[in-house]
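User: I would like to go through this structure with you. Could you take my questions one at a time?
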Amino acid sequence: MMSRNLGMRAKVLIKPLVLFQIIDSYERRPKGDNQVIGTLLGRNKEGHFEITNCFTVPHKEHPEINRIDLDIAYASEILELNMLTYPNERVLGWFCTGKSVSRSASLLHDYYARECGEVQPLHLVVDATLKSQRLSTRLYCAVEIGVPGGTKGLMFSLVPLEISNGNSDLVALRSIEKQSLQQGTKQLDRFIPELVQVVDATRDIQQRLDLVLRYIKDVLDRKRKPDNVVGRALHAALTAVPVMDPDKFRLMFNTNLRDMLMAITLSTMIKTQLEISEKLSCMQDQ
């Protein structure tokens, strides 16, 4: 029987950033490790789960004795630091890279059951090899099976999983998609600068506004038959925009633009400092 906090038909949301973090950890895994294991963090609001963050936990496998050792001290320290930054996040379970549930899942379940408290721990399996050119993700929840009063075991059942896309997530995903399609560029590994993204987004909004204005003009001139569905959608979109004085909007936009320029400058300085430090360390080694 499953915990009352999670049903078989429960829906769990996951942020795209979590999947990118898992893939990055897999690509940077220590030499000789076949998989990556880590802790899933997120929110649980009245039974609605959302996985928003994660971190990798060093481990050592002993397949000959069916044992796996986690660096629990490291996991506790990282969790404590994360709680200081994101106090609303809690442990929701753990992730593991691979094609299916591994033998170590039942061993790790006991540890994360204690970390999750009353919440049933979730187990995310991610196939980070990308051999099929597709990121395969599956979410499981353990169900106790066995005869009452006899030997009991665990069966991992699938739980529906959906990717939660906010506005910032969509902007990042579209930027990555656009960059990946530009295969002819020489610097494929570098992202589009932030200012270019702002210009592209502004140009896209302007094109959409021109399309809407053209549609409204054609309807008023009786060149196009009006559509009630489109009219309601436009009304909902216009009423959702807060009424703001043009001068105040210009001031707010310029303030945000200055903040972004400051962030770009600081990130460039940090990158340059890291490159200089790396070159100096190489010179000392020689």
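Analyst: The answers below concern a predicted model.

User: To begin, how many helices and strands does the protein have?
Analyst: The protein has 7 helices and 10 strands.

User: And what share of the residues is buried?
Analyst: Of the 286 residues in the protein, 27% are buried.

User: Which residues form a nonpolar patch on the surface?
Analyst: Such a patch is formed by Met244, Phe249, Met252 and Phe253, which together have about 370 Å² of accessible area. Phenylalanine 249 belongs to helix 7, residues 246–285. With a relative accessible area of 45%, phenylalanine 249 is partly exposed.

User: Changing topic to contacts: what fraction join residues at least 24 apart?
Analyst: The fraction is 57%, taken among contacts between residues at least 6 apart in sequence.

User: Let us take threonine 39 as an example. Where is threonine 39 placed, and is threonine 39 buried or exposed?
Analyst: Threonine 39 is in strand 2, which covers residues 37–45. Its relative accessibility is 4%, so threonine 39 counts as buried; the cut-off for that class is under 20%.

User: What is threonine 39 in contact with, leaving aside its neighbours in sequence?
Analyst: Beyond four places in sequence, threonine 39 contacts Asn53, Cys54, Phe55, Val57, Val91, Gly93, Trp94, Phe95 and Tyr112. With tyrosine 112 there is a side-chain polar contact of 2.9 Å.

User: Tyrosine 112 is in helix 3, then. Which residues of helix 3 are buried?
Analyst: The buried residues of helix 3 are Ala105, Leu108, His109, Tyr111, Tyr112 and Cys116.

User: Now for the charged pairs. How many salt bridges are there?
Analyst: The count comes to 6 salt bridges. In one of them, arginine 28 pairs with aspartate 24, with the closest N and O atoms 2.8 Å apart. Arginine 28 is exposed, at 64% relative accessible area, whereas aspartate 24 is partly exposed, at 36%.

User: Which residues are linked in a network of salt bridges?
Analyst: Lys15, Arg43 and Glu50 are linked in this way. The N to O distance for arginine 43 and glutamate 50 is 4.0 Å. Arginine 43 counts as partly exposed, at 29% relative accessibility.

User: Where do aspartate 204 and arginine 208 lie?
Analyst: Both lie in helix 5, residues 194–220, and are 4 residues apart, about one turn of the helix. An α-helix has 3.6 residues a turn, so residues three or four places apart point the same way. The salt bridge between aspartate 204 and arginine 208 has its closest N and O atoms 2.9 Å apart. Aspartate 204 is partly exposed at 31%, and arginine 208 is exposed at 53%.

User: Finally, what is lysine 11 in contact with, leaving aside its neighbours in sequence?
Analyst: Lysine 11 contacts Phe49, Pro160 and Glu162 when neighbours within four places are left aside. This residue lies in the segment before strand 1 and is partly exposed, at 47% relative accessibility. Its C-alpha atom is 7.1 Å from that of valine 159, a residue 148 places away along the chain.

Notes
Residues numbered from 1 in each chain as written. Predicted model: local features only at pLDDT ≥ 70, side-chain atom pairs only at ≥ 80, totals over all residues. Heavy atoms only, no water. Buried < 20%, exposed > 50% of the residue type's maximum accessible area, 1.4 Å probe, protein only. Helix = DSSP H or I, 4+ residues; strand = E, 2+ residues; numbered from the N terminus. Contact = heavy atoms within 4.5 Å. Polar contact = N/O pair within 3.5 Å; in protein donor to acceptor, adjacent residues only side chain to side chain. Patch = residues over 30% accessible without salt bridge, like charges linked within 9 Å, V, L, I, M, F, W, Y side chains within 5 Å. Areas by Shrake-Rupley, 256 points an atom, 1.4 Å probe, with all protein chains shown as cover. Salt bridge = Lys/Arg side-chain N within 4 Å of Asp/Glu carboxyl O.
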